[in-house]
Amino acid sequence: MTKAGDKSCINLKLKVWRQKGSDVKGRFETYEARNVSTDMSFLEMLDVVNEEMILSGKDPIAFDHDCREGICGTCGAMVNGRAHGPEKGTTLCQLHMRHFSNGDTVVIEPWRSRAFKVVKDLVVDRSAFDKIIQAGGYISVNVGGAPDGNAIPVPQEVAEKAMDAAACIGCGACVAACPNASAMLFTGAKISQFALLPQGLPEAKKRALAMVGKMDELGFGNCANETECEKECPKEISIENIARMNREFLKAGFL
Amino acid sequence: MQLDSKIPDGPLTEKWDRHRFELKLVNPANKRKFKIIVVGTGLAGGSASASLAELGYNVKTFCIQDSPRRAHSIAAQGGINAAKNYQNDGDSIWRLFYDTVKGGDFRSREANVYRLAQVSNNIIDQCVAQGVPFAREYGGQLANRSFGGAQVSRTFYARGQTGQQLLLGAYGSLSRQIAAGNVRLFTRREMLDLVVIDGKARGIIVRNLVSGELEKYAADAVVLASGGYGNAFYLSTMAMGSNVSAAFASYKKGAFFANPCFTQIHPTCIPVHSTYQSKLTLMSESLRNDGRVWVPKNPGDKRPPNQIPEAERDYYLEEKYPGFGNLVPRDVASRSAKVQCDMGKGVGDTKLAVYLDFKDAIKRDGRDVIAMKYGNLFQMYEKITAENPYETPMMIYPAVHYTMGGLWVDYNLMSTIPGLFVLGEANFSDHGANRLGASALMQGLADGYFITPYTIGGYLAQASLEKIDENHKEFDASFLKVEARIKKLLSIEGKRTADDFHRELGHILWEYCGMERKDEGLLKAKELIADLREKFWENVLVGGSGQEFNQSLERAGLVADFLDIGEVMVIDALARKESCGCHFNEAFQTEENEALRDDENFCHVSAWEYKGESCDPAFHKEPLEFENVKLTQRSYK
Ligand SMILES: Cc1cc2nc3c(=O)[nH]c(=O)nc-3n(C[C@H](O)[C@H](O)[C@H](O)COP(=O)(O)OP(=O)(O)OC[C@H]3O[C@@H](n4cnc5c(N)ncnc54)[C@H](O)[C@@H]3O)c2cc1C
Ligand code: SF4
Ligand code: FES
């Protein structure tokens, strides 16, 4: 591994999934990425490749991104078969080229899941995640009339645990990494956040049933304890949250 | 045109209550009949959409990203202010108001800022009720930390992910209203024009970013919450998609642009390291609670930081500002860093960096405590730089971060176009010439949860709105104009990419309209930008077509508008012959190199009116009156 500041450059071969739209067939295309500085982020490397493609009249590679800080959850692709690439706890935008070596071939594909259709190239439609949240991923409280913030004390360790679950960025890597394309880690994280906090209790049962039901309805697969999701999650969301979700779901079923 | 800020009469502390009472109400049964468009799903737009829908209005909400949860607000790290005084350290609504007015170097409206401080406490209550996992003390109470420009501890936070958690709270409330059928959500849509009929905002034209189609939407009022334009500088801490396009389209339709040159340059960002760099990363200001800023005393000292003994370090902020130390406001901290680097005391490869050192804090509190407070920031730093800030000091440098300027709004947050309300970073309302840390989140949520839901009602209840729909001829006119511009961009087929032009614009603005400004430099920048814009429209290369998912076309559109706002920023900076907050014109400084205001001649908001493609905008002035605070030279000593 090179250190930041080393101005070393590498050459790579990129095999990129190209697909014009959701209804057309896609295929891999090969491109050369030359003189890639190892200080670049993965997306900056793609920027440079794209600039060259625009200048030579080709269609640049479409990819989603926004914050480039690992927090918005917009970016994401399979890199050499790994969701968000090889580094643990890292989104694609935070992956730096110092983790690659000169001469590497890098295979780049979109998330693949029945519930996430390809929009173009590496861009997919993750609106199914929004639908799961719409099914109950909130506390039903209108603006106005909330009691003082300190009226309900929340023990520090509980708040920290809830925060661990709430850190999910909704990127979809868990679904892409799962052999069954299950959305349990994403859904479990949201259900857990509210199951842990006192504010979430009144609706806990309803929430668990509704969100799990919606997840199934949208075509996400079942969890078979493969734990790939946890390994690939850039925010290292724990599969404990899936267990908690299952408990909440069972509890709700027996009410 | 006389700008009327519509500040209510009466004592400062009673203005908002009085105003709310005086605003006409919309009959609950009628609310459903009013259609409101909200552009943006950040803290401002997300909270406004949810609250308006809760009240019963018929809301349509638009955003550029694939999900409302991904708005730029998600990236806010450090925290949100409120005057709860939970720490019993002497905070109050009045103090938060005073700190904000002073922090803004007395260039904001007293009445707006006071209202902001008043509703700050409601925001925290609302967010806690939504299940936002704020940091807690062992006893279960909410925890606080300190931010720049304040001597009390009033900042609420959720690790280094406060914006994310607040936004997910608003997104949850918005999702609930979508599920209830009160909000219709349109993602991957870019607003390209505002439709004005009979002088009132009545709709928008958007491009469907997936299909490329242009779509028309009519409404009774339009809420613009499209964020700030810091990306005009190319490199900034803003998300890549943050833009000025929606605001600029509204400006061209008659909404005045206020204080466009007020740009916040944040002192603690990871320094620029190369030309291909696409954006800069903020290291939250909260780090200045525990990190100490220093440079080597001797210019050109090449030793690694850990080998430079205490005696040879210059803790210049603690030295110069003993009262606030490392927690001086951002404009002061940024300019101080620049001054050190200009003296040759900068560190790192480029010599454009200073150290932010945690050694003493780790010694005092232990590594675990520091990790709990800032773990994710340290991790982010290490990912980018491959250096471990627990062991070696961070290197930081100022970067463009926030725009205090924005569309002009009155006390009701309505622009100079009736029916167009502007919220959050897109308006200019509360921060004057410098925003204090942790107050943008507060302002966005104040605007969306607690202010516009009332003031829009006041407007709708008394406006006489003609019945119109998307077939009105103004929609066709806007549609054709937008279509023609897209065709034009695609037809140039020149030799340079939009990003290439954008980079050049960024250099010009950073050099001449950044942390330090001079009249000659600004005049030069004005010429350079005009020239660059001309070249852009002759030589940009976009590629692809308008009828498809085309990110290169999206970029070109954003850059075209940045070129335009860049020029307005420079014009505004030239017109303000004083220094205040972030606007530091070298010709106006105190003996100690602090910004020297001219309250006699420049105690006003500068509002600019669009006058056509080839003309400079027209200047309008909103005088600022201070009845409750005394204008003083800011001192943080
Ligand atoms: C890195 C970073 C850290 C920060 N940390 C803090 C902090 O700790 N505390 C604090 O108080 N402030 C902080 N800020 C500032 C604060 O985050 C922002 O000012 C605030 O979140 C802006 O919110 P907003 O709702 O006005 O706009 P945004 O969150 O920028 O949302 C804009 C919305 O408008 C939409 N939009 C934009 N243009 C169009 C268009 N043309 N058509 C359709 N939709 C459009 C976008 O899709 C998005 O949904 C930080 C800022 C940065 C950059
Ligand atoms: S659980 Fe992890 S992988 Fe799944 S969406 Fe959330 S952050 Fe992404
Ligand atoms: S671009 Fe936001 S997480 Fe990668």
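Which residues does B:Leu224 touch, not counting residues up to four places away in sequence? The points below take up this question within a wider reading of the structure, which is a predicted model.

1. **Surroundings of B:Leu224.** Leaving aside residues up to four places away in sequence, B:Leu224 touches B:Val39, B:Gly40, B:Ala246, B:Ala247 and B:Ser250, together with B:Leu420, B:Phe421, B:Val422 and B:Ala426. One of these partners, B:Gly40, is also among the residues that come nearest to ligand 1.

2. **The largest nonpolar core.** B:Leu224 is one of the residues with the most contacts inside the largest nonpolar core, alongside B:Ile36, B:Val223 and B:Leu407. This core has 288 residues. Helix H16 of chain B, residues 551-575, gives the most to the core, with 13 residues.

3. **The shell around ligand 1.** There are 47 residues around ligand 1, and those that come nearest are B:Gly40, B:Gly42, B:Gly78, B:Gly227 and B:Gly424. Several elements of chain B each supply at least two residues of this shell, including helix H3 (43-55), helix H6 (162-179), strand S6 (189-197) and helix H12 (440-462). Helix H7 (245-252) and strand S15 (394-403) of chain B likewise each supply at least two. By class, the shell around ligand 1 holds 20 nonpolar, 24 polar and three charged residues.

4. **The shell around ligand 2.** Ligand 2 is surrounded by 14 residues, of which A:Cys168, A:Cys171, A:Ala173, A:Cys174 and A:Cys233 are the closest. Helix H4 (173-177) and helix H5 (184-196) of chain A each contribute at least two residues to the shell. The largest share, three residues, comes from H5(A). The classes here are eleven nonpolar, two polar and one charged.

5. **The contact between the chains.** In chain A, 67 residues are in contact with 65 residues of chain B. On the side of chain A that touches chain B, at least two residues each come from helix H1 (42-55), strand S6 (117-120), helix H2 (127-134), helix H3 (156-166) and H5 of chain A. H1(A) gives the most to this side, with six residues. The residues of this side of chain A divide into 30 nonpolar, 22 polar and 15 charged.

6. **The domains of chain A.** Chain A is divided into domain 1 (9-118) and domain 2 (126-253). Taken over C-alpha atoms, the centres of these two domains are separated by 29 Å. Their contact takes 18 residues from domain 1 of chain A and 17 residues from domain 2 of chain A. On the domain 1 side, the residues comprise seven nonpolar, eight polar and three charged.

Technical notes:
Residues numbered from 1 in each chain as written. Chains lettered and ligands numbered in written order. Predicted model: local features only at pLDDT ≥ 70, side-chain atom pairs only at ≥ 80, totals over all residues. Domains from an automatic or database assignment. Contact = placed C-beta atoms within 7 Å. Nonpolar A, V, L, I, M, F, W, Y, C, P; charged D, E, K, R; others polar. Near = placed C-beta within 6 Å. Helix = DSSP H or I, 4+ residues; strand = E, 2+ residues; numbered from the N terminus. Core = buried A, V, L, I, M, F, W, Y, C linked by C-beta atoms within 7 Å. Buried ≥ 20, exposed ≤ 12 C-beta atoms within 10 Å, placed from the backbone.
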